[in-house]
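Student: I have a structure to look at and would like to understand the terms used to describe it. Could you take me through it, setting each value against its definition?

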Amino acid sequence: MLEEVATSTEGDLVINVGPQHPATHGVLHLVITLNGETIKKVEPHLGYIHRSIEKMCESLTYRQFIYVTSRMDYLSAHINNHACALCVEKAMQIEVPERAQVIRVIMDELTRIASHELWWGAMAMDIGAFTPFFHAFRERETINDIMEETCGARLTMNYMVPGGVMIDLHPDFQRKVKEFIKLFRSKVHEYDELVTGNIIFRSRMKDVGFLSKEDAISFGCTGPTARGSGVSCDIRKLYPYDVYNKVQFEEVLETGGDSLARYMVRIREMHQSISIIEQLIDNIPEGDFQAKTKAVLKLPKGEFYTRVETARGELGLYIVSEGATTPYRIKFRSPGFSNLSALDTMARGSKLGDLVAMMGTLDLVIPDIDR
Amino acid sequence: MPLTSAFSIPFSRFDIHKMWSLTDITTNIHDWLNETFSPTWVLIIEMVIAGIAVIGLFAVLGLVLVIMERKVSAWMQIRLGPNRVGPKGLLQSLADTLKLLVKEGLTPGGADKFLFNLAPIIALVVAMLLMAPIAFAKDFQLWNLNIGVLYVSAVSSLMVISILMAGWSSNNKYSLMGAMRSGAQIVSYELSAGLSILTIVVLAGSLNIPDIIYSQADGWWIFKGHIPALIAFVIFIIAVTAETNRAPFDLAEAESELTAGFHTEYSGMKFALFFLAEYVNVFIVCAIGATLFLGGWMPFHIGNWEAFNHVMDYIPSSIWFFGKTFFLIFVIMWFRWTFPRLRIDQLLNLEWKYLLPISMFNLILVTAIAILKWHF
């Protein structure tokens, strides 16, 4: 059946989904070859929001280039900044105070929850349910408020700097985060009632968009997309950074490989993130929030690579330094790009409506793919 | 039956209620016109009045249903909804209509101009035609047709023509796909809707809408018809939700897949006509549902509770009718703001593998009940 679909050429209908299309959440352009409603081929076209961030970073100092990275994967701005800070610290061998490390991890996990909340709402919207979006944003707003108090920004935080964090926590931070945890725990069952348990939702998700373990590895998928196929790839577990090796959490793995598995991974990850925050929020050590560093950072000559786990997968940062105040070359390994490349394999042979659901479960952020 | 009684015939067979009726007013107008003009002119004048009444009702329904949908969705989505134009934002839909009226009605270059412009008008005309046999209050009906129910199911299936026409003539792939989906969907779901309507026709023994309503004087069919009537009611609600292209069956529009489906290329008033027709269709199918299963304008009575029944009789029949209809509309809106959308193959599976066999079996069951007089 699948081969028949893939080889016949009669009755082809080529449609452009995007660059302006409600399902692509940005300016992704998919050229889809259809046979009736059945998908024969999906070809993503990129570049509509390419801002040459990597090139821009080459003319910015090691303190400045972090601000640009918030604009890559804007839903996990903290984690992008974290990657940059880690890479510079690794190169210059800066010892980060424990307080800063704990703050960073809490912020990362809050970002992860916020990102997953938005994904949950947007994905429900993709498959035609509008109300979950507002329920998700109700909790996400609380996180944004917490961020705003401490960082002064709600989306592009620019809070993490080489050596620690930019400013100390707001005095209300701990109380607000605890309130958020309470709120989240009291509301999270609504997610399952509204979407997860819905029979239409399950039939749209089960056995749809199958990605095998082998394919997930060969496409370089990371994050919840790969973990939904049973690939253990959580950087927080495999290559722990900051205080991730001191907290108890479990790497969420599902073996289904279908859309429902990827969905469940993200839902369960939110609970893991809450548990990480709960372990740390009462144990923020006293001390400096930033290590003493020079005003102008100069990386030693060489090549440096760090990896962190964003809400979408593994973000790698590769810096080539010539010993100057600006990097010679910067390369980001963004999770969205690799995850998107699996879309064609997942979508072939399924219906057009399912493509939208699959894209929803990939959790694509287009500025992260294009940079 | 010829189109003579633009204002309905008084029905006295089962007139056990002393309910307030609009018949007096319509009879008075009819008598006065007959005294003043010749019979031909009377007919023409009455038809004009009826036409204006339908157009007025049409416009008002469109405005009310749009603001209702926005308020209901706002309520379900923990937000306020429109609250700027008029008191509590109630005039918002009027402002939107004005905006759509003055907007340019664009016709795309590659489109088939004639069909493109005809499609919204057909949608509108079909929705208007459907208004004719509906009894809005006691003895108040535009056209008392002896095959009223059949007429409604026949005319409502014309809706698909306008959608196919719009999808084909737009010369847009999204529109075409939306129209094809819609064609498959409406044609399939009509069967279930028709069969569940038939169950009540079998029970009531008539296709005439007033007859069906009067047969519910001692209890609504949903209560009298045991479980089969309830099953028919549920199937009817599912099928008409699909027939009117409402979520979770809004595959013809499916904005996350097809941007706006068959009306992607429409703008301005042409779009508004589709929009209006959709909402009026929702009203009509809910009115039919209320008429068949919930007793139309019949008040709610409980057995021998004379005092209670008497109080219920004091509520005007039009309020009963519109109350029931708007309750059903609310249910359909509730679906839309709660459920995700189905896929096209799942949609057709649901109809052909589940709803159709169930409703066929149900019809046989109901026929047996009707013959053996098992219903209350």
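Tutor: Helix α4 (residues 77-92) of chain A lies across β6 and β7 of chain A, at about 145 degrees to β6(A). Such angles run from 0 to 180 degrees between N-to-C directions, the axes being lines fitted to C-alpha atoms, for helices over the stretch in contact; contact means that C-beta atoms, placed from the backbone, lie within 7 Å. Helices (H or I, at least four residues) and strands (E, at least two) are DSSP runs, numbered from the N terminus. This is a predicted model, in which local features need pLDDT of at least 70, side-chain atom pairs count only at pLDDT 80 or more, and totals for chains, interfaces and linings use all residues. Residues are numbered from 1 along each chain as its sequence is written, while chains are lettered from A and ligands numbered from 1 in the order in which they are written.

Student: How do you know that β6(A) and β7 pair?

Tutor: Two strands pair if DSSP finds at least two bridges between them, and 8 bridges join β6(A) to β7 (residues 314-321) of chain A, the two running antiparallel. In β7(A), A:L317 is the bridge partner of A:T306.

Student: What makes β6 and β8 of chain A edge strands?

Tutor: The open sheet has 3 strands in the order β6-β7-β8 (chain A), with antiparallel pairing. Both β6 (302-309) and β8 (329-333) pair on one side only.

Student: How do you know that the span of helix α6 of chain A agrees with its number of residues?

Tutor: The expected span is 1.5 Å times one less than the number of residues; the 21 residues of α6 (residues 131-151) should therefore span 30 Å, and the end C-alpha atoms are 30 Å apart, which agrees.

Student: Where is the kink in α6(A) centred?

Tutor: The kink, of about 25 degrees, is centred on A:R138; the bend at a residue is the angle between axes fitted to the seven residues ending there and the seven starting there.

Student: Why is B:A217 called partly exposed?

Tutor: A residue is buried if 20 or more other C-beta atoms lie within 10 Å of its own, exposed if 12 or fewer, and partly exposed in between. B:A217 has 16 within 10 Å, so B:A217 is partly exposed.

Student: How do you know whether the radius of gyration of chain B agrees with that of a compact globule?

Tutor: The radius is taken over C-alpha atoms, and the globule rule is 2.2 Å times the number of residues to the power 0.38. For 376 residues the rule gives a value near 21 Å, and chain B has 21 Å, so the two agree.

Technical notes
Two residues are in contact if their C-beta atoms, placed from the backbone, lie within 7 Å.
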